[in-house]
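Here is a short report on one protein model. Follow it with the structure open beside you.

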Amino acid sequence: MKQRDQWTSKIGFVLAAAGSAIGLGAIWKFPYMVGTNGGSVFVLLFIICTVAIGLPILLAEFVIGRKGQADVVTSLKKLAPGRLWYMLGWMGLAVSFILLSFYSVVGGWILSYLARAITLRLDVADHSEYFNSIISNPLEVLLAQAVFMGLTIWIVQSGIRGGIERASRWMMPLLFIFFIILAIRSLTLDGAMEGVRFLFVPDWSYFTGTTLLLALGQAFFSLSVGVTAMMTYASYLPKEEQLGQSAVNVSILNIVISLLAGLVIFPAVFALGQSPAEGPGLIFVILPAIFSQIPFGNVFMIVFFILMLFATLTSSISMLEIVVSTGIRQRHERRKSAAWVFGILIFIVGIPSALSFGALSDVQIFGGSIFDFADTLTSKIGMPLGALCISLFAGFVLTKAQTDAELRMHPIMNALWKFLVRFVVPAAIIVIFITWIIELSA
Ligand code: PHE
């Protein structure tokens, strides 16, 4: 039998896992969720959810993935023979499929903005109106989404992803430095403190079951957990690796980048008299406005959007990777065509989401746009459900001896983690979910 591919180094795995995690979740979605859900309370709940729920599940995915050493369906069949747990793999495939269908729409917006930065067309009076005119143009959004999906497919099928991840080794730190510079610029604008207050001084009236579920969904989305992406990545990991440290690093990095994105966006939102509740367009409205306040702003903006595109692609390839690896189940030779077939299907399924800000803006599903519906289906339902199953699997199906052998942390940490994935995490997800349902029906 052919030896399975493995990461050539620890850094290869950490880069891939961090690359999958850090993307639009922290940079685009986090600020807009904070803005539409009352600021600080959401920030606080997001951090708690990431540490107490997201991190143990991330570690659970690492444990299951490495123990299985195969695609998710095969791994789960192997680890729990004759039981239905392998269905989790198919669920991960379905959720990733929908995720990527709207993720690629936003990836397309980034391409649109990059093209506009290059052709010097972002110096406009009203950024909000400008953004709306872009995303309501059907031809442009579809073309941009198609190009973004094309890039994703191309990277997954041509095996150059290693190169992409190595490139992200210096691109990510550069993005980080850009964020710090932008945060300083944003924080020194007149009236910026209002934004800091919005981020850090809690207004408890926003503390509801819905906010909690949204914060939980955001933690899962931005850590890439609950869809078996991290499980897939960990299956390529050699036995010697310590999993705990990697999981902690990815989680901390994710929180730091999210907060930094908040510190870039909100001081500027208030200083420039914009609305924090702008929605999915928030960063596209605010970032060009901040860059216009910086010498050589346009040059920096071009570099910045390129870096963002990279961060986004390292996430989108992980989504397509789950679909392809689960879809073809190890038959390597069919990888290429599978990447194209699934990629094109995902693009087609994403078309209504792409058009939901223009041609299809009147179509409402459960009171939201088609785009929102795809997000609800994944962030509020699919990912929490996937995470719940993963947690129960790691908690009860794998024995303590098995998980201890994978984890190899301090015995107290091993036991604490087992306790969390057995009881605390599943209970928290169920309670949050039920509270949301009750609020919905009230
Ligand atoms: N974590 C990625 C981001 O923040 C999104 C993602 C979710 C990627 C699930 C893979 C799986 O952009």
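E140 and R116 form a salt bridge, and their closest N and O atoms are 2.6 Å apart. A salt bridge here is a side-chain nitrogen of Lys or Arg within 4 Å of a carboxyl oxygen of Asp or Glu. The pair links distant parts of the chain: E140 sits in helix α7, R116 in helix α5 (residues 87-118), and 24 residues separate them. Helices (H or I, at least four residues) and strands (E, at least two) are DSSP runs, numbered from the N terminus.

This is a predicted model, in which local features need pLDDT of at least 70, side-chain atom pairs count only at pLDDT 80 or more, and totals for chains, interfaces and linings use all residues. Residues are numbered from 1 along each chain as its sequence is written, and side-chain values use heavy atoms, with hydrogens and water left out.

**Salt bridges**

Side chains of opposite charge can pair when their charged atoms come close. How many salt bridges does the rule give? The count comes to seven.

| Pair | N to O distance |
|---|---|
| E140 and R116 | 2.6 Å |
| D375 and K29 | 3.0 Å |
| E406 and K239 | 3.1 Å |

Buried means under 20% relative accessible area, exposed means over 50%, and partly exposed is in between (1.4 Å probe, protein chains only).

Next, take D375 and K29. Their side chains meet in a salt bridge, 3.0 Å from N to O. D375 is in helix α16 (residues 370-397) and K29 is in helix α2 (residues 24-36), so this pair links distant parts of the chain, 346 residues apart. Both D375 and K29 are buried.

Now E406 and K239. Their salt bridge has its closest N and O atoms 3.1 Å apart. E406 lies in helix α17 (residues 400-407), while K239 lies in the loop between α11 (229-234) and α12 (243-271), so the pair ties together parts that are 167 residues apart in sequence. E406 is buried, with a relative accessible area of 5%. K239 is partly exposed, at 40%. R66 joins in as well: R66, K239 and E406 are linked in a network of salt bridges.

**A buried phenylalanine**

Go back to helix α7, which spans residues 138-158 and also holds F148. F148 is buried, because its relative accessible area is 0%. What does F148 touch? Not counting residues up to four places away in sequence, its contacts are S104, G107, G108, L111, L309, T312, L313 and S316. Contact means heavy atoms within 4.5 Å. One of these partners is L111. F148 and L111 are 37 residues apart in sequence, yet 7.5 Å apart in space, C-alpha to C-alpha.

**A nonpolar patch**

Now turn to the surface. W170, L174, I177, I181, F296, V299, F300 and V303 form a nonpolar patch there, with about 780 Å² of accessible area together. The areas come from the Shrake-Rupley method with a 1.4 Å probe; for residues, only the protein chains shown count as cover. Patches are made of residues with over 30% relative accessible area and no salt bridge: like charges are joined within 9 Å, nonpolar side chains (Val, Leu, Ile, Met, Phe, Trp, Tyr) within 5 Å. Two or more residues of the patch come from each of α8 (161-187) and α14 (297-328). Which element gives the largest share? That is α8, with four residues. V303 belongs to helix α14. V303 is partly exposed, with a relative accessible area of 31%.

**The ligand**

There are 16 residues around the ligand, and A21, L24, Y103, F221 and S224 come nearest. A residue is near a molecule or strand if one of its heavy atoms lies within 4 Å of it.

Taken alone, the ligand exposes 320 Å², and the protein buries 100% of that.
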